[in-house]
Amino acid sequence: MGIVAGLDSSSEFTRIVVCDTDTGAVVRQGYAPHPLETGGGVGSSGGGKPADVDPQAWLLSLGEAATGGLLEGVQAIGVSAQQNALVPLDAQGNTVRPALVGGDKRTQVAAADLIDAFGGRQAWAEAVGCVPQAQHPVTKLRWLARSEPEAAQRVAGVLQAHDWLVWQLLGRPARRTADRGGASGTGYWSAASSSYRPDLVELALGHQVALPEVLGPAETAGTTPEGLLISSGTGETMAAAFGLGIGVGDAVVSLGASGSVMAVHHEALVDPSGMITSLADATGMHLPVVHTLNAVRALRGTADLLSTDLNGLSELATKSTPGAHGMVLLPYLEGEKTPQLPHTAGSLHGLRRESMKPEHLARAAFEGMLCSLADALDVLRARGVEVRRVFLLGAAAELPAVQAAAPMLLGAQVLVPQPADYAALGAARQAAWALGVREGTLHAAAPPAWQGAATQVFEPGEELAVGQALRQQYIAAREQTHPGAFGPTGV
């Protein structure tokens, strides 16, 4: 038996878990917030989070989280970090400017510019599996070239957050590395071909730069002078999926202000419409992802209207019945990505005198949110992605109204994992895998068989037929208001 560590550097904090290599049991853990200024920084990305961050803050947080001998006896470390953070480096490996992180609103025009410059959404989807959006590193390179040309000219190499942290832990060697998962979200690496598109870097920035070597899932980025193995690392999404232990047949629905649906699949999916982002996972498989703009924000808006909070809204909804007394809410409050309706608004259908009660509106909000996510799930199903189980993540997954309606509306068994640091656990599992391969106890094609997440399980049961009827009611309202929103074949 040995121990390994998983490090998750999110947008706001660092979490470290130290785990048994054989079972994955957590034996120690640490936490530290990033030493960032509060309030919007340069180019605030909204919500009071700065879009420009000195990467040294990540190292300071890491050091604080690891105090008290936390890493004593650890044989290997895996690194997970926030995705889409662009760290531009000069020829000497120093940062040209602070890292650009998050969904930086400054870069929205740059995204549209790049889409046009390369021939449209379909061309991008076919080239790298995604269409440029504000958060993508390729878009941030375009913004840098247009807005800070002197800094852009000095950029000789680019890394993402976990790439940079791995490089720092190894003492800044000549070799810089990335992994398939992180690279697949850059906008200049294709999960389908497992190769970079340096022409797209040049299109965005105006010149070529050094790009990190993309490692396989069980490969090693290097070893510290003290003999500590550092695995390839990966992005938070991929690490969390690996920590949860999901596989083929599993989907993950994340309930944040916006929503996302991803599933494990055996191949990259090229989607000319751009609704599917084709990511790679941390195991050698693929993670097609579909995003919605409206998830919990639709619940919060309804709760505000009814002068309550999310728990109160859930309690109200449970007093109604499936179908919300005939009301259907299309929850497109901020426009929508899936379907692509960026300039639309939400709408309420089937309003009658007898349905005008708080509990029915509350129920319609939950059903509308879940039906919208079911639409996103159906985008994947329509492309041959198998979905037998749905893992439901986010604080809203604990609400009774969500747990009651999700199985029948999503059309699958629903699992709600117990709260845990799944990204850090996934990073630790990756470290154990790389260590096992080096020591000859594990195969590069078979990760360590750690116990999966502890979950609550909810079955659709006899209500599946009710859920299908409610979905049809929702689809009818959607098609009446936005005919052909999902194209001629529909979803």
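Modeller: A word on terms before the residues: contact here means heavy atoms within 4.5 Å. Please keep in mind that this is a predicted model.

Biologist: Fine. Which residues is Asp 250 in contact with, leaving aside neighbours within four places in sequence?

Modeller: With those neighbours left aside, Asp 250 is in contact with Gly 245, Met 262, Ala 263, Val 264, Glu 386, Arg 389 and Phe 391. Asp 250 itself has its place in strand β16, which covers residues 249-255.

Biologist: Is Asp 250 buried or exposed?

Modeller: Asp 250 has a relative accessible area of 5%, so it counts as buried, and its side chain makes a polar contact with the side chain of Arg 389, at 2.8 Å.

Biologist: Switching topic, which residues touch the most other members of the largest nonpolar core?

Modeller: That core has 60 residues, and those touching the most other members are Leu 255, Phe 366, Met 369, Val 390, Leu 392, Leu 410 and Val 414. Helix α12, residues 358-381, gives the most to this core, with 14 residues. Apart from it lies another core of 34 residues, including Val 264 and Trp 433.

Biologist: And how do the axes of α10 and α12 cross?

Modeller: The axes of α10 (residues 296-305) and α12 come within 9 Å and cross at roughly 170 degrees, which means that α10 is roughly antiparallel to α12.

Biologist: Which residues make that contact?

Modeller: Val 296, Leu 299, Thr 302 and Leu 305 come from α10, while Leu 361, Ala 365, Phe 366 and Met 369 come from α12; by class, there are 7 nonpolar, 1 polar and no charged residues.

Methods
Residues numbered from 1 in each chain as written. Predicted model: local features only at pLDDT ≥ 70, side-chain atom pairs only at ≥ 80, totals over all residues. Heavy atoms only, no water. Core = buried A, V, L, I, M, F, W, Y, C linked by side-chain atoms within 4.5 Å. Buried < 20%, exposed > 50% of the residue type's maximum accessible area, 1.4 Å probe, protein only. Helix = DSSP H or I, 4+ residues; strand = E, 2+ residues; numbered from the N terminus. Axes fitted to C-alpha atoms, helices over the stretch in contact; angles between N-to-C directions. Parallel < 35°, antiparallel > 145°, perpendicular 65-115°, else oblique. Nonpolar A, V, L, I, M, F, W, Y, C, P; charged D, E, K, R; others polar. Polar contact = N/O pair within 3.5 Å; in protein donor to acceptor, adjacent residues only side chain to side chain.
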